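I opened the notebook to record what I looked up in this structure. The entries follow in the order I made them.

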Amino acid sequence: MHRIVVKLGTNVIMRQDGRVALGLLCGLVEQIAALRADGYEVLVVSSGAVGLGMERLGLLERPTVIAQIQACAAIGQSRLMGLYDDAFARMNSPIAQVLLTEDDFRDPERHANLRATLDALLTMGVIPIVNENDTVSTAELDRPAENPRAEKIFGDNDKLSALLMKHINADLLVLLSDVDGLYDRPPQEDGAQLIARVEEINDRVLALADGSNGRGRGGMASKLESARIVLRAGKQVVIANGRTPHVLERIIAGEPLGTRFAPAFEEAAR
């Protein structure tokens with residue numbers, strides 16, 4: 001295993017009261033920096049810009065007007081990068097901000113430039129912090145497309161992280177949120193059991209998704225769609241709770257945390 005993509009959801013970055021989960025964030029930064037020091041190339045996809053902008057403006061509810069959401073993203077993105085810059089600087093780990101729109105995947109030249117830039121950053125020991133550029137792009141904000149036939153390339157950071165993993169040829173995607181993984185029934189029900197391993201995303205698995213996860217754009221359904229992309233590429237993805245102590249270190253060490261999605265041949269090869 002050489003390259004890892006880690007996606008941090010809004011519900012990992014933010015506390016339930018809408019404030020930054022600073023201790024948790026710094027703990028995850030320390031784990032990521034430790035992985036980089038051990039020779040792994042790590043790319044981080046981070047949500048949280050809109051939530052941080054809402055906090056700065058004192059908004060208790062997410063705006064419904066697209067321009068206001070974009071304004072929150074513009075305010076929050078600088079705060080988000082400031083948090084990461086301060087935290088990673090304490091670990092002597094350089095970072096870079098990479099903001100993307102769908103055109104970076106649609107246009108062949110821009111796509112090639114993106115891959116080259118990410119390869120260069122990772123090779124130089126830099127940790128890219130990636131997010132959709134919500135300030136100018138509305139693909140993730142559910143704005144109706146001008147061309148209704150135009151398919152969304154990504155609609156949230158879960159899918160964006162899967163696409164990035166595929167295009168930079170990473171080995172593992174870790175999706176961290178405030179859920180422990182995929183359950184065999186709604187997790188609040190008595191007797192709900194965490195599913196440790198999934199080898200195929202079929203209708204039965206898709207039926208286990210139970211909607212969105214609060215402040216973030218993606219819920220379990222979007223994570224399963226991301227897992228489908230990863231499985232089709234012959235790679236692995238783990239959905240786990242970002243609040244679990246030493247979660248990244250334990251996943252990399254092979255500890256069975258969360259739900260691991262892996263092709264059947266991966267198990268046969270062991």
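I started with strand β1 (residues 3–8) and strand β5 (residues 172–177), which run parallel and are joined by five bridges. I noted that V5 faces L173 in β5. The model I am reading is a predicted one.

Next I looked up the sheet around them. I found an open sheet of eight strands with mixed pairing, in the order β3-β4-β2-β1-β5-β7-β8-β6. Which strands stand at the edges? They are β3 (95–100) and β6 (197–198); each has a single partner strand, so one side of each has no neighbour in the sheet.

I then turned to helix α2 (residues 22–37). I saw that α2 lies across β1, β2 (41–46), β4 (127–132) and β5, and that α2 runs at about 155 degrees to β2.

My next entry is on two helices. Helix α3 (residues 49–57) packs against helix α4 (residues 66–90) at an angle of about 100 degrees, and their axes are 6 Å apart. On the α3 side I listed residues including L52, M54 and L57, and on the α4 side residues including I69, C72 and L83. The residues of this contact divide into 11 nonpolar, three polar and three charged.

Last, I checked the cysteines. How many disulfides are there? The count is zero, taking a disulfide as two cysteine sulfur atoms within 2.5 Å. C72 is buried, at 1% relative accessibility, whereas C26 is partly exposed, with a relative accessible area of 33%.

Key
Residues are numbered from 1 along each chain as its sequence is written. This is a predicted model: local features need pLDDT of at least 70, side-chain atom pairs count only at pLDDT 80 or more; totals for chains, interfaces and linings use all residues. Side-chain values use heavy atoms; hydrogens and water are left out. Axes are lines fitted to C-alpha atoms, for helices over the stretch in contact, and angles run from 0 to 180 degrees between N-to-C directions. Helices (H or I, at least four residues) and strands (E, at least two) are DSSP runs, numbered from the N terminus. Contact means heavy atoms within 4.5 Å. Ala, Val, Leu, Ile, Met, Phe, Trp, Tyr, Cys and Pro count as nonpolar, Asp, Glu, Lys and Arg as charged, and the others, Gly among them, as polar. Two strands pair if DSSP finds at least two bridges between them. Buried means under 20% relative accessible area, exposed over 50%, partly exposed in between (1.4 Å probe, protein chains only).
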